[in-house]
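Open the model in your viewer and keep the selection tool at hand. We will take a few stops, one selection at a time.

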Amino acid sequence: MTIKLTVLSAIGALVLGTIVAAMRVSPVPVARWVGTAYVTVFRNTPLTLILVFCSIGLLNTMRIELAHGQNSLPDNAFRWAVIGLSIYTGAFVCESLRSGINTVPLGQSEAGRSLGLTFGANLRLIVLPQAFRSVIAPLGSVLIALTKNSTIASAIGVHEASFLMSEMIESEAQLLVIGAIFAFGFVLLTLPTGLLFGWLAKRFEVAR
């Protein structure tokens, strides 16, 4: 469940963060304002508050259900957890990607415009490919943080690792043993991610 949360939320955060990053560098003032507001709000809001709002506010109070059927309650909790994690992490993906966009030489985007490329085409074909290459390592750090942040989904009843750990602990002695086992499990999840993104950063490093 932790891996599913991480993978799906990472995909959502990457898509959302890329869109917001494009808005933040857009020549349209309204788009820049919306992008800045999004990052400011969600980057400075506790993740627990976002997930609880998704569960209690949107699901329980407003009855916005994303799943129906016999297992609708756990399915809704899981899907809203993915959305909450994606929205929260997307703000950090946006800032990482925006810093990568700022490293692309201005002359390259100007050359694209001189060839008649629109802002969207210029961003998609010239700027973003180079920006992604320069922020592979920071994006890896964001993904590692997302893996650890997935434990907060237990606050809305998602049966991920920390939820299972709390159910297994029956005494103080078990707390140390089970806690150590789950801590080691998270190391096994995050260490390969860090090594992979470190290798990718060196492999696709932009020559300066």
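The count of salt bridges comes to 3. A salt bridge here is a side-chain nitrogen of Lys or Arg within 4 Å of a carboxyl oxygen of Asp or Glu. This is a predicted model, where local features need pLDDT of at least 70, side-chain atom pairs count only at pLDDT 80 or more, and totals for chains, interfaces and linings use all residues. Residues are numbered from 1 along each chain as its sequence is written, and side-chain values use heavy atoms, with hydrogens and water left out.

**Stop 1: the salt bridges**

Select Arg24, Arg43, Glu95 and Arg98: salt bridges link them in a network.

Start with glutamate 95 and arginine 24. Their side chains meet in a salt bridge at 2.6 Å, N to O. Glutamate 95 lies in helix H4 (residues 72-103) and arginine 24 in helix H1, so the pair ties together parts that are 71 residues apart in sequence. Helices are DSSP runs of H or I with at least four residues, numbered from the N terminus. Both glutamate 95 and arginine 24 are buried. Buried means under 20% relative accessible area, exposed over 50%, and partly exposed in between (1.4 Å probe, protein chains only).

Arginine 43 is partly exposed, with a relative accessible area of 36%. For glutamate 95 the value is 18%.

Then pick arginine 98. It forms a salt bridge with glutamate 95 at 3.2 Å, N to O. Arginine 98 is partly exposed, at 24% relative accessibility.

**Stop 2: helix H1**

Select residues 2-24. Helix H1 has 23 residues and reaches 31 Å from its first C-alpha to its last, close to the expected 33 Å. The expected span is 1.5 Å times one less than the number of residues. Colour its buried residues, among them Leu5, Ala13, Gly17 and Val20.

**Stop 3: H1 against H7**

How do the axes of H1 and H7 cross? They come within 9 Å and cross at roughly 135 degrees. Axes are lines fitted to C-alpha atoms, for helices over the stretch in contact, and angles run from 0 to 180 degrees between N-to-C directions.

Finish on the contacts, meaning heavy atoms within 4.5 Å. Thr2, Thr6, Ser9 and Ala10 in H1 meet Leu143, Leu146 and Thr147 in H7.

Conventions. Helix = DSSP H or I, 4+ residues; strand = E, 2+ residues; numbered from the N terminus.
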